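Colleague: I have a model open and would like to learn how to read it. Could you take me through it step by step?

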Amino acid sequence: MNEIIRKRKSTRRYDKAPLGEAAFSKVSEKLGTLTPLFPDIKYSVTIADKTKGLLAQGSGASSFLVFRSEYKEGAYENIGFIGQQMDLWFSENGLGSCWLGMAKPNEGGDLSYVISMAFGKPVGTAHRSLADFNRKPLSEISDGSDPRLEAARLAPSGMNTQGWYFSAADGKIRCYRKKPGIIAPEKLGCIDMGIALWHIASETENFRFIQESGVPERKGFIYDGTVV
Ligand SMILES: Cc1cc2nc3c(=O)[nH]c(=O)nc-3n(C[C@H](O)[C@H](O)[C@H](O)COP(=O)(O)O)c2cc1C
């Protein structure tokens with residue numbers, strides 16, 4: 001499995017010193033290489049030095065990715081999928097990052113604001129050992145067997161809700177997300193699904209995510225699509 005998936009963590013304390021031009025241009029370069037889940041959905045990712053809202057203040061973070069998208073079915077999953085590529089890339093490059101569901105952007109943009117991600121030099125390390133992951137066991141979030149389920153299990157989620165369910169059979173993984181509630185609104189659940197899908201995609205040779213018809217229902221969950 002992708003080694004970074006097994007050691008990344010959210011960083012909540014950053015070195016206040018700005019990253020420097022060379023690092024920002026590497027981030028911009030990486031932003032130009034991301035793979036969308038749904039290529040027909042317009043989105044943008046910009047770099048900001050300020051944001052409003054929880055965590056952003058007080059964490060020492062001074063760099064943020066701001067994700068925007070046109071609104072279409074699948075838009076939030078698409079942003080989760082794209083953003084998680086950045087989260088893993090920061091970790092791979094020794095930087096820290098943290099998705100920010102509570103942040104609000106300082107400036108407007110053409111597309112609708114979706115979510116932000118803080119990034120920067122971590123105070124301490126951006127990595128941890130597998131034993132330090134706080135996650136549900138596979139038996140609670142999946143059935144069937146597929147080696148990629150472990151990568152999905154280790155994915156980050158808003159408030160660590162892990163509100164997904166994966167049903168694996170015959171090389172396919174059917175993906176369900178928990179019905180939205182007050183704690184986990186629809187938007188976060190969809191972003192979380194996109195994040196887990198990127199973890200699965202990074203373990204898959206020819207990743208495809210399709211809508212099947214006649215998929216068995218799962219009580220309390222919404223079918224999101226199938227990895228084939
Ligand atoms: C969509 C999303 C939104 C999040 N929003 C916040 C946030 O506003 N503030 C925060 O401190 N952490 C936030 N997180 C980080 C989660 O709390 C964190 O991923 C989860 O607790 C698992 O921990 P880990 O990332 O270290 O594995 C968010 C994560 C996701 C995926």
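This is a predicted model: local features need pLDDT of at least 70, side-chain atom pairs count only at pLDDT 80 or more; totals for chains, interfaces and linings use all residues.

Colleague: How many bridges join β9 to β11?

Modeller: Strands (E, at least two residues) and helices (H or I, at least four) are DSSP runs, numbered from the N terminus, and two strands pair if DSSP finds at least two bridges between them. Here six bridges join β9 to β11 (residues 221-227), and the two run antiparallel. They belong to an open sheet of five strands with mixed pairing, in the order β7-β8-β9-β11-β10. At its edges stand β7 (142-143) and β10 (209-210), each with a single partner strand, so one side of each is left without a neighbour in the sheet.

Colleague: Which domains is the protein divided into?

Modeller: Domain bounds come from an automatic or database domain assignment. In this case the protein is divided into domain 1 (21-120) and domain 2 (134-227). Their C-alpha centres lie 21 Å apart. For contact, the C-beta atoms of two residues, placed from the backbone, must lie within 7 Å. The contact takes twelve residues from domain 1 and 15 residues from domain 2. On the domain 1 side, helix α2 (residues 75-92) gives the most, with eight residues.

Colleague: Which residues touch the most other members of the largest nonpolar core?

Modeller: A nonpolar core is a set of buried Ala, Val, Leu, Ile, Met, Phe, Trp, Tyr and Cys residues joined through C-beta atoms within 7 Å; buried means that 20 or more other C-beta atoms lie within 10 Å of a residue's own, with C-beta atoms placed from the backbone. Of the 51 residues in the largest one, M117 and L197 touch the most other members. The largest share, ten residues, comes from α5. Domain 1 and domain 2 both give residues to this core, so it lies between them.

Colleague: And the ligand: which residues come nearest?

Modeller: Of the 19 residues around the ligand, S10, W99, G101, P156 and N160 come nearest. Elements giving two or more residues to this shell are β4 (96-100) and α5 (186-201). Helix α5 provides the largest share, four residues. The shell draws at least three residues from each of domain 1 and domain 2.

Conventions
Residues are numbered from 1 along each chain as its sequence is written. A residue is near a molecule or strand if its C-beta atom, placed from the backbone, lies within 6 Å of it. A residue is buried if 20 or more other C-beta atoms lie within 10 Å of its own, exposed if 12 or fewer, and partly exposed in between; C-beta atoms are placed from the backbone.
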